[in-house]
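Reader: I am new to this structure and would like to learn how to read its features one by one. Could we look at it together?

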Amino acid sequence: MEHSKDPKWYVLHTFSGYENVAKENLETVVDKFNLQDRIFEIVIPEEDVIEEKNGKKKLVTRKVMPCYLLVKMIYGDDLWHNITRTRGITGFVGPKGRPLALTEEEVVKLRLEKIKVETDLEVGDKVEIIEGPLDKMVGSIVAVNPDAGIVTVVVEMFGRENNVELEFGQVRKID
């Protein structure tokens, strides 16, 4: 299989609990073999959730897909050995361990690619969070990053003000 010109997302399986180690090791392989023009992003799928323990609420980052890494790359058979021999990685997810690129729908669902969105959100706007662990909370926008599709909202949480980064689609402007 000759490699295509467009980078695609692939899923790698890792040993349980070794996601961070596998990511670091793969980043080392990219540097060692100068693969920056073939392997562009290595992501551990995570989400922020509020956990309650002993009556106290805490914002924690949890792995969405334990034992998996997502890699954006221009795949070619020449990369297969470099990747599958990386410590912590057990192989590609696909038929018979061969790489199978994620579909566009899967990429969107996993929020791997930022879609440029026009917005009328501005610093100082009051917004309600409409998605995610902070659903229904109200705050004020302190920063807007249109290139990344992200706003920074200050919300009161746990008795103090906290800055939270959210995607445009996770907030709704209120009067």
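Reader: Is Asn-34 buried or exposed?

Author: Buried means under 20% relative accessible area, exposed over 50%, and partly exposed in between, with a 1.4 Å probe and protein chains only. Asn-34 is exposed, its relative accessible area being 56%, and Asn-34 lies in the loop between helix 1 and strand 2 (39–43), where helices (H or I, at least four residues) and strands (E, at least two) are DSSP runs numbered from the N terminus. This is a predicted model, in which local features need pLDDT of at least 70 and side-chain atom pairs count only at pLDDT 80 or more, while totals for chains, interfaces and linings use all residues. Residues are numbered from 1 along each chain as its sequence is written, and side-chain values use heavy atoms, with hydrogens and water left out.

Reader: Which phi does Asn-34 have, and which does Cys-67 have?

Author: Most residues other than glycine have a negative phi. Asn-34, although not a glycine, has a positive phi of about 50 degrees, and Cys-67, also not a glycine, has a positive phi of about 75 degrees. Cys-67 sits in the loop between strand 4 (56–63) and strand 5 (68–73), and Cys-67 is buried, with a relative accessible area of 17%.

Reader: What does Asn-25 touch, not counting residues up to four places away in sequence?

Author: Contact means heavy atoms within 4.5 Å. Asn-25, which belongs to helix 1 (residues 19–32), touches Thr-86 and Arg-87 when residues up to four places away in sequence are not counted. A polar atom of the Asn-25 side chain lies 2.9 Å from the backbone oxygen of Arg-87.

How values were computed: Polar contact = N/O pair within 3.5 Å; in protein donor to acceptor, adjacent residues only side chain to side chain.
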